Amino acid sequence: MNRPLRRLSLVVAFLFFALFASTTWIQFLRADQLNAMPGNSRQLYAEFGRERGAILVDGGAAIASSVKSDDQYDRLRTYAAGQLYAPVTGYYSLRYGTSGIERAENDVLAGSADELFYRNLSSLLTGEQPKGASVTLTLRPKVQQAAWDALDGRKGAVVALDPDTGDILAMVSSPSYDPNTLATHDGDAEAQSWKSLNADEDDPLINRATGSLYPPGSTFKLVTAAAALESGDYTADTQLDGPQELALPQTSNTLKNDEGTACGPGDKVSLADALKISCNTAFGSLGLKLGADTIESQAAKFGFGQSLSIPTSVATSRYPTGDAVAGPLLAYSAIGQGSDVATPLQVAMLSAGIANDGVVMKPNLIANVRDSDSADVIEEPAPEELGRAVSSGTAKTLQQMMELVVSSGTGTRAQIDGATVGGKTGTAQHGAGLPPYAWFTSFAEKGGKKVAVAVVIEDGGSTESAYGGRLSAPVAKTVMEAALDG
Amino acid sequence: MATVLPVYPTTRRNVELLLVLLAVVIAGGAWAVVGLTIDGALPPNFFAYAGGLGGLAVLLHLVLRWRAKHADPLLLPVATLLNGIGLVMIHRLDEALDTSSASRQFLWSALGIIAAGVVLVFVRDHRILRRYTWTAAVAGLVLLLLPMVPGLGRTVNGARIWIGLAGFTFQPGELAKICLAIFFAGYLVVHRDALSLTGRKVLFLQLPRARDLGPILLAWVASIGILVLQRDLGTSLLFFGLFVAVLYVSTERVSWIVLGLLMFSAAAVFAARTMGHVEARVDIWLHPFTAENRTGSSFQLVQGLYGMANGGLLGTGLGEGRPQTVPYANSDFIYSSLGEELGLVGLFAVLILYVVLVERGMRTAIGVRDGFGKLLAAGLAFSVTLQVFVVVGGVTRVIPLTGLTMPFLAAGGSSLVSNWIVVALLLRVSDLARRPAAEVRNGPDGDTGATQAVRIP
C-alpha cells in the first residue's frame, strides 16, 4: 500500500501548493489592486490614521494639518484658514475623496510616494505608520489675504504670479467653502455639507482661478497685439482701422465699439492707442488681417491649448479653430469674444510673460517638499520655462503699451505710487443681457520686485461701459501692492 | 540469511521537548506582542497563558515518554504551535471586539490536550481500534445525525451541524470524522482484495463489480445526505474525500478515484444548480466584487481578501490591522486574520506547519507495517489536508466557501478536541511505526512486502 500512499502524498502536496499559490496571489501579486478597490474601508482607515503631511504657505504657516483625534480614525485633517485657501488645498474627505493639492500631492502627503521609500524603510521594519512629507506652497499669505479681502465676497478669482519664476503668489476663488466641513469624521455633517455645496448654484467647490474657463474679453487683445508686433509688419505706432462700426465679412453684422464712437480721427488709431482705449474695431480689423493661424500660434506661445499641472490640474484655455473662427467670427475671436476661453491663470500668464521680457514661465504652486521629521528638502521644483512667447523687443513694446493703459487709458485705477504698472482691462460678454465678466490683467515692478496679476469678477454689474477697469483694476492694484511690499 | 542486529533508534523525545518549548516561546511571545501593541503593557494573564499552554504540552510530552516513547517527535510541537497561534489571534480579536472567546478556547485547548493524553494512555496499540470497526461506523453515523434530532440540534448560519446541551454547543461531525476514519480503515483493510482484484477492465480502468460498488455508493449517499439535510457543504466534501482517498490507498485502483470524482462532481453540479444556498456560494465565489455582492452576500469574503491584501508581504503586525472587520474573523476567517497581521510570510509559516503535520502523518502511514494503521494514519492525515484545503481554498477563492474549521487555529471547541485526538492517534500509530523492528514482527498484522523496504531510523 506504499505506492498509493506516496501518490496520495503527491495529491496532498498539490493541494497545499494551490494554497501557497492562491495566498501569494492575494497577498503579493494582487494586493495593490485589492487595496485600491473602491469601498475598501481598510485603506481609508489606514490613510486616515496615518500622520498626513501638512500643507504650508510661504513663511511656514500650516494651512492644512493632521491633528490627533479621539475617534476611530486617529487623526483629523484640519484647515486653519478655512475658505481662504480651500480652492488651492482642496478637501480631504473620508467619503468624498480629495481635491486640489490634497489630491495632486497625495502620494507625498500620505507618505506613499516612491521618493519617500527609503525614508520610510525604518518604519517599515518597526511597524510604525509611515509619516507623510509636508508640502510648502509658493503662496504668500499676505498677498492671498489681500486678494481675498479685495474680492470682498464677489464671485470671481484672482491669480498673482512671480513673472520671473512662475511661482503663484496668490490664488483666490470666490465664493469658497470651508474644507473642515468635508474633512469632519461626523458622517452626517459631512454628507450634509457635501450636499449643500454641490447644490449651491455658485459652485463654491470649483477653483475658478484654474478650473473655470471664461471668455477673456479684451485682455486677449494683448495676444492679438503681440501677434501683430511679432509679424514685423506692425509697430506701436502703426495706424489701424478703428471705425465706429466694423463691417464683417460674409454677413451684415457689424462689430461695434463699447462707446459707440470711432476710436480716432478719420477712423484711424495707432496700435498703442487702440490698446489704451481697448478699441474693438481696431483689433477686430487687425485680427482679420492677421488671420486665425497667426493669432492661434501666438496664443499657443502664451500657453493656450496647453494642459498644465501646477501640480493641480488646470483647465485648458483655448483659442478657437476651424469654423469657430471663420468669416466674421475671426474678428470676434481677435478681441477675446467668440469662442475664446481662458482661465484666470492663463490671463495672468499673459501679463507675466510680457513682464518677463517675453518668456512665459511655467506656473507652479509647490515651493518644496520636506520630510516631516528631519525637515530635509526632498523635492524643490526649479523654475521652468514654458517657452518664449514674444521677442524681448516685442515684450518691451507691449510693456510700454500696457503702462499707457494704466497711466492714461482704461486701467488708471491700478496706478501705484512709485511703481511701474502695466495692465489691460477686459469686459467679456457671455450672453445677451447677462452682466459681463470684468477682467484686469497687469504687472507691476518696484525696486526689482515684480508681480503679475489677473482678476476676474463675474458680476460685472450692468452691461454698460468698461467694467474691467472699474471693478477689477482696483482689486489687482491691492494685490500688486501687497506683493511689492512683501 | 543475514544476521539481524537489534538496532535501538533514538526516540528523539528530547528534541520534541525542545521544540515544544520553542513553540510555547513563539506563541507566548506573540501573546505578549498583542498586549504590548494594543494596551502598551504585558497582558495581565501572560504568565498564566504561556505557562498553561506550556505546562499542558509538556504534560502530553511526558505521557509520550511514558506510553509512546518512539512516537514522531514533530507532531506535538507543531500542534502546540498551531494551537498557540490560534489562541493569540482569537485573543487579539477579543481585544478588538470586546469579546472573551480566548478564555473559552484556552479551556477547550486544555480539554483537547488532556483528551489526547487519555487516548494515548488507554489506546496502547492502535490495532485495538480495529475491533471497533462497526462500532465506529455506528458511532460516526449517530454523531452525524445527532444535529437532526429535534430539540438537540441547532441551526447556525443555515447549517444544521450543531447540538446544544446544557448551554454548550458542540459539532458532533468533528468527532464523527475520527470515527469514520477508523471505520474506513477497518472495513477497507478487510475488503481490499475484493475491491481491487475483481471486476472488468474497460480501457485502462479496472471497473469494480456492481456489488462491490456498495460502499462507495453508501458513502456517496451519506455525504449527499449531509449536504441536503444539514446544508453542510464542507463536511460532505471532507467525508467523501476522506473515503475516496482511503479507498484508493487500500485498493491501489485509480478507477475508484475516477468513479468517486465523477459521482461527487455530479452531485456538486446538481447541488449548485438546484440548492439555493449552494448556488449562492458559487455566485459569491465567481463574482465577489460586483457592487451588489460586495456589500451583501460576499461581504465577508471580500473583507477577508482586503485584509489579506492589507497585510501584504510582511503583515501589519499583531494588533495593527483591522481583521475584526471580517465577520467570524476568529473562526471561519482566522486565516485571513492571520494574513492581515502576519503577512504572506506568516501564512506561509502556518501552511508549512500544516504541511509538516500532514507529512509526518503520511510518513507514519508509510512507516507502519500493518494495513489498518496505514489506512488510519493516511485517512487522518488526509482529513487534515482536506480541512485546511477547504477552509483556506474558500478564503482565498480557490473553491467556493464552505463551512469547515481550520484545524487547531479556529475558535471552536469540538474542532480543537477532535484535532488533538487526531494528533494523539497519529502519535500512537507513529510509535509503532518507529519502534524497533523486532518488537513489531510478532504483531497481529505484520504486513509483509513493500513496507519491509522502509528502514526505521
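Buried here means under 20% relative accessible area, exposed means over 50%, and partly exposed is anything in between (1.4 Å probe, protein chains only). This is a predicted model, so local features need pLDDT of at least 70 and side-chain atom pairs count only at pLDDT 80 or more, while totals for chains, interfaces and linings use all residues. Residues are numbered from 1 along each chain as its sequence is written, chains are lettered from A and ligands numbered from 1 in the order in which they are written, and side-chain values use heavy atoms, leaving out hydrogens and water.

Aromatic contacts come up first. Rings of Phe, Tyr and Trp (its six-membered ring) pair if their centres lie within 6.5 Å, with planes under 30 degrees apart called stacked, over 60 edge-to-face and the rest tilted. Over all chains, there are 20 such aromatic pairs. One of them is edge-to-face: A:Phe20 and B:Phe348, with ring centres 4.7 Å apart and planes at 80°. This pair joins two chains, because A:Phe20 sits in helix α1 (residues 2-29) of chain A and B:Phe348 in helix α13 (residues 334-367) of chain B; helices here are DSSP runs of H or I with at least four residues, strands are runs of E with at least two, and both are numbered from the N terminus. A:Phe20 is buried at 17% relative accessibility, whereas B:Phe348 is partly exposed at 26%.

Within chain B, the rings of B:Phe46 and B:Phe47 also meet edge-to-face, their centres 4.9 Å apart and their planes at 75°. B:Phe46 is buried at 13%, but B:Phe47 is exposed at 63%. Elsewhere, B:Trp134, B:Phe183, B:Phe184, B:Tyr187, B:Phe239 and B:Phe243 make up one aromatic cluster.

Now for the charged side chains. A:Asp202 itself is partly exposed at 28%. In chain B, the closest N and O atoms of B:Asp431 and B:Arg435 are 2.6 Å apart in their salt bridge, and B:Asp431 is buried at 2%. Back in chain A, salt bridges that share partners join A:Arg52, A:Arg77 and A:Glu102 into one network.

Definitions and conventions: A salt bridge is a side-chain nitrogen of Lys or Arg within 4 Å of a carboxyl oxygen of Asp or Glu.
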